[in-house]
Amino acid sequence: MPSPWMSSFARPGVRLGAILAVTAAAFAWDGASSRGQAATVAPFLAHQAAYDLSLKTSRRSPSIEAAEGRIVYNFSGSECEGYTTDFRQVSRLNTGEGKMVVSDLRSSSWEEGKGASYRFKIETRMNDESTGSVDGSAERTKDGIVVKLKQPEAKTFTLDKDIVFPTEQVNRIIEAARAGKSILELSVYDGSDNGEKVYNTMTVIGQPIPGSRAPTQPDIGTENAALKSMTRWPVTVSYYDRNAKSGSGEQTPSYSMSFELYENGVSRALTLDYNDFVIAGAMSKFDAKTTKPCH
């Protein structure tokens with residue numbers, strides 16, 4: 001059986017799937033948006049994308065010798081019919097002890113176009129053995145968010161009404177970037193872990209990068225006509241366990257993810273920081289699809 005720190009390896013993938021799928025479908029706006037001026041809202045973008053994973057840094061002793069894997073996800077829908085996300089992350093880590101650990105995360109979700117409700121199903125496997133399954137839904141009411149779980153066990157509970165679902169989280173990140181803000185704090189629920197956790201998040205948004213400045217490490221999207229002339233922002237989202245206690249007064253994030261966010265919502269240059277090690281993700285596939293407009 002893998003050690004506890006390895007079991008937690010797959011968990012951020014759920015949030016990454018939400019971030020990627022939503023950001024690649026988030027608001028698009030004209031070149032004036034990076035200066036905080038009025039923008040034109042474009043339809044969300046349906047697409048399929050993939051990222052190749054590799055080890056960037058290892059901080060643990062004994063260190064992880066190598067890592068590889070792939071993220072593949074599909075996003076479809078619109079504000080009128082809701083947004084559907086299918087996400088899979090397969091990762092292989094060489095622990096440096098002659099052992100290979102294979103993590104396989106699959107998640108699917110649907111979110112109502114204005115964040116009124118959310119459905120989710122998440123499955124994780126480690127070395128071909130199931131390590132968890134979560135299946136449930138969340139409904140926003142005037143008094144709070146009512147969550148109904150089917151798995152890992154049947155349970156109903158209520159969350160604070162100020163908590164946001166993944167699509168709303170990314171929409172607010174984009175709004176903050178457009179307004180020139182550098183810090184955004186939100187509490188987020190996405191159904192991950194055992195389906196009961198809420199994470200406090202802190203998002204740091206860097207200065208806009210003009211489309212005329214080519215990435216230092218190009219990927220398959222660098223020369224894509226939909227991306228090459230667009231402004232992008234460096235973004236880092238850190239996740240903190242809302243129920244964790246810190247004796248030092250300053251809580252360490254459970255993990256964080258960084259990426260460059262284009263003004264049409266597409267993300268590139270991923271970095272997944274699991275504290276013990278850091279994984280890089282390079283875009284290796286990007287296919288935009290047609291979305292039926294709302295009437």
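## Ground rules

A salt bridge here means a side-chain nitrogen of Lys or Arg within 4 Å of a carboxyl oxygen of Asp or Glu. Keep that one handy, as several pairs below rely on it. This is a predicted model, in which local features need pLDDT of at least 70 and side-chain atom pairs count only at pLDDT 80 or more, while totals for chains, interfaces and linings use all residues. Residues are numbered from 1 along each chain as its sequence is written, and side-chain values use heavy atoms, with hydrogens and water left out.

## The overall picture

The protein has three helices and 14 strands. Both kinds of element are DSSP runs numbered from the N terminus: helices are H or I with at least four residues, strands are E with at least two. Of its 295 residues, 48% are buried. Buried means under 20% relative accessible area, exposed means over 50%, and partly exposed is in between (1.4 Å probe, protein chains only).

Now for contacts, which are heavy atoms within 4.5 Å. Among contacts with a separation of 6 or more, 55% are between residues 24 or more positions apart.

## The nonpolar core

A nonpolar core is a set of buried Ala, Val, Leu, Ile, Met, Phe, Trp, Tyr and Cys residues joined through side-chain atoms within 4.5 Å. The largest one here takes in 53 residues, and Val147, Leu159 and Tyr189 have the most contacts inside it. Setting aside residues up to four places away in sequence, valine 147 touches Ser137, Ala138, Lys155, Thr156, Phe157, Leu159, Tyr189 and Gly195.

## The largest pocket

On a 1 Å grid over the protein atoms alone, a pocket is an open set of points where a 1.4 Å probe fits, with protein on both sides within 12 Å along at least five of seven lines; its lining residues have an atom within 4 Å of a point. Points are joined across faces, edges and corners, and the volume is the space filled by probe spheres set on them.

The largest pocket comes out at about 410 Å³. It is lined by 24 residues, and Gln217, Glu260, Arg268, Ala269 and Leu270 are the closest to its centre. Strands β11 (232-241), β12 (255-262), β13 (267-273) and β14 (277-289) are the elements that each give two or more residues to the lining. By class, that lining has 12 nonpolar, six polar and six charged residues. For this count, Ala, Val, Leu, Ile, Met, Phe, Trp, Tyr, Cys and Pro are nonpolar, Asp, Glu, Lys and Arg are charged, and the others, Gly among them, are polar.

## Charged pairs

Side chains of opposite charge can pair when their charged atoms come close. The count here comes to 13 salt bridges. In one of them, aspartate 219 pairs with arginine 268, with the closest N and O atoms 3.1 Å apart. Aspartate 219 lies in the loop between β10 (199-205) and β11, and arginine 268 in strand β13, so the pair ties together parts that are 49 residues apart in sequence. Both aspartate 219 and arginine 268 are buried.

Another salt bridge joins glutamate 260 to arginine 232, with the closest N and O atoms 2.7 Å apart. Glutamate 260 is in strand β12 and arginine 232 in strand β11, 28 residues apart, so this pair too links distant parts of the chain. Glutamate 260 is buried at 17% relative accessible area, and arginine 232 is buried at 3%. Lysine 285 and aspartate 287 form a salt bridge as well, with the closest N and O atoms 3.9 Å apart. Here lysine 285 is partly exposed at 31%, and aspartate 287 is partly exposed at 35%. Through shared partners, salt bridges join Asp219, Arg232, Glu260 and Arg268 into one network.

Most residues other than glycine have a negative phi, and most peptide bonds are trans. The peptide bond from glutamine 151 to proline 152 is cis, with omega near 5°. Proline 152 sits in the loop between β7 (145-151) and β8 (155-159).

Which residues sit in the loop between β5 (117-126) and β6 (129-140)? Asparagine 127 is one of them, and aspartate 128 is also in that loop. Asparagine 127 has a positive phi near 50° and is partly exposed at 35% relative accessibility. Aspartate 128 has a positive phi of about 70° although it is not a glycine, and it is exposed at 69%.
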